[in-house]
Amino acid sequence: MSKSLQAIRGMNDILPEQTPLWRYFEGTVARLLDNYGYKQIRMPIVEFTELFKRSIGEVTDIVEKEMYTFEDRNGDSLTLRPEGTAACVRAVLEHGITGGGQVQKLWYIGPMFRHERPQKGRYRQFHQIGLEVFNLDGPDIDAELITMTWRLWGELGIRDAVKLELNSLGTSESRGRYREALVEYLSAHHDKLDEDSQRRLKTNPLRVLDTKNADTQAVLVDAPKMADYLDDESRAHFEGLKARLDAVGIPYVLNPKLVRGLDYYSKTVFEWVTDKLGAQGTVCAGGRYDGLVEQMGGKPTTGVGFAMGIERLVLMLETLEQIPKEISRQVDVYLCAFGEEAELAGLALAERVRDQLPNLRLQVNAGAGSFKSQFKKADKSGALYALILGDDEMAQQVVGFKPLRGQGEQQSIAWDALAAHLATCVVQG
Ligand code: ATP
Ligand code: MG
């Protein structure tokens, strides 16, 4: 196939054999969020470039080198969203729904775009489920977000494979004081830092804590600790969060080097990490961003949120073989009809059954075919039962009811009794 007719590198098709697992995952999360009282919001995929520069921060990996930015026909600079928080904040401000201290508990789902090096668990179009809460500033809501994800890991059967890492970044004032101390310390060891860290020391020094370079990590061992610079309020907030996690029994590890990639965080930051996916170990990450709304031109409004990477979590389910059996079967009943008259009767019968059992997954054979070929298709569909309409059945106004997975003999069921019979033998999800 010519190159121009292939998908863009790092942007994947999700094929029909994969979508059941995606839908199971997305459905599980959506139900959980509904149950905790969160409401869905949907934002555009494209925004003005300025929005991301202002909210994410000019000297972050995303803004410096990962954005898909282009000029549209009006000459406006637009960007495919690299994350959801910026657009969500823009939306709540634009529609005034966080004004006057109104609490909003929101979630969204959809594709995000970052020009990164594609590899397992890292793509250029990827999907996130994200959540943002506005105007609740206590540790109770931070704890709720984490508790909710903990429940999700439990429901998905991956709880034992993820670990919660926690840190507090303090307020922007206390972080400023810490930044000064860190810069002073690192400047004194400038020669021992890797090149990237030397650059970050000037542009975004906290990101040096995030380095993977062993020499720089060695320098960091004796660096000033963020915890020693926390203001009283942030300290109390962090203690409040830990007490709540302890109360629910959620284990965590404190990671003083957890700073997160984006500029806008304050106080709580957290990541759920796994060692099951190789290098791409973070499956869900978030934190508090109390200054962001104001920075974007709104009234002071606190915020806290997280985003989880759907590709990585789907990979986890596959790797840990936590794929529920039910999701692979998409057909309950397959109707085979032989001859034109039977086909017409079958179509009408199928619609009557669907009226009475709207959740039944009933597939009607299309494309006619011999006895053998229709049975083969019925079997391949994964259906539990085949319904058979041939000359004999037509004459008696019955349908042959044949278990395909070895649950007994074929029997004849009157057309009028079919829906009631199916209701007793097909468990409907
Ligand atoms: P990383 O350190 O892996 O680059 P990040 O800090 O850039 O992650 P966030 O912006 O916090 O990631 O996004 C939240 C989640 O979205 C991540 O924890 C991850 O699960 C997922 N994610 C981020 N970037 C990608 C990507 N390029 N491909 C697939 N999933 C991603
Ligand atoms: Mg990244």
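Which helices and strands each supply at least two residues of the lining of the second largest cavity? I looked this up in a predicted model, where local features need pLDDT of at least 70, side-chain atom pairs count only at pLDDT 80 or more, and totals for chains, interfaces and linings use all residues. Residues are numbered from 1 along each chain as its sequence is written, and side-chain values use heavy atoms, without hydrogens and water.

**Search.** I searched the whole structure and got 3 cavities of 30 Å³ or more. A cavity here is a set of points on a 1 Å grid over the protein atoms alone where a 1.4 Å probe fits but cannot get out, and lining residues have an atom within 4 Å of a point. I took volume as the space filled by probe spheres set on the points, which are joined across faces, edges and corners.

**Second largest cavity.** I read a volume of about 50 Å³. The answer to my opening question is α1 (19-35), β6 (125-134), α5 (139-156) and β11 (303-309). Helices (H or I, at least four residues) and strands (E, at least two) are DSSP runs, numbered from the N terminus. Among the lining residues I noted W107, M148, F306 and M308. By class I have 10 nonpolar, 2 polar and no charged residues; Gly counts as polar, and Asp, Glu, Lys and Arg count as charged.

**Largest cavity.** I read about 60 Å³. The lining consists of V59, T60, D61, E64, R199, R200, T203, N204 and R207, of which 1 is nonpolar, 3 are polar and 5 are charged.

Technical notes: Chains lettered and ligands numbered in written order. 1 Å grid on protein atoms, 1.4 Å probe; cavity = no way out; pocket = protein on both sides within 12 Å on 5 of 7 lines; lining within 4 Å.
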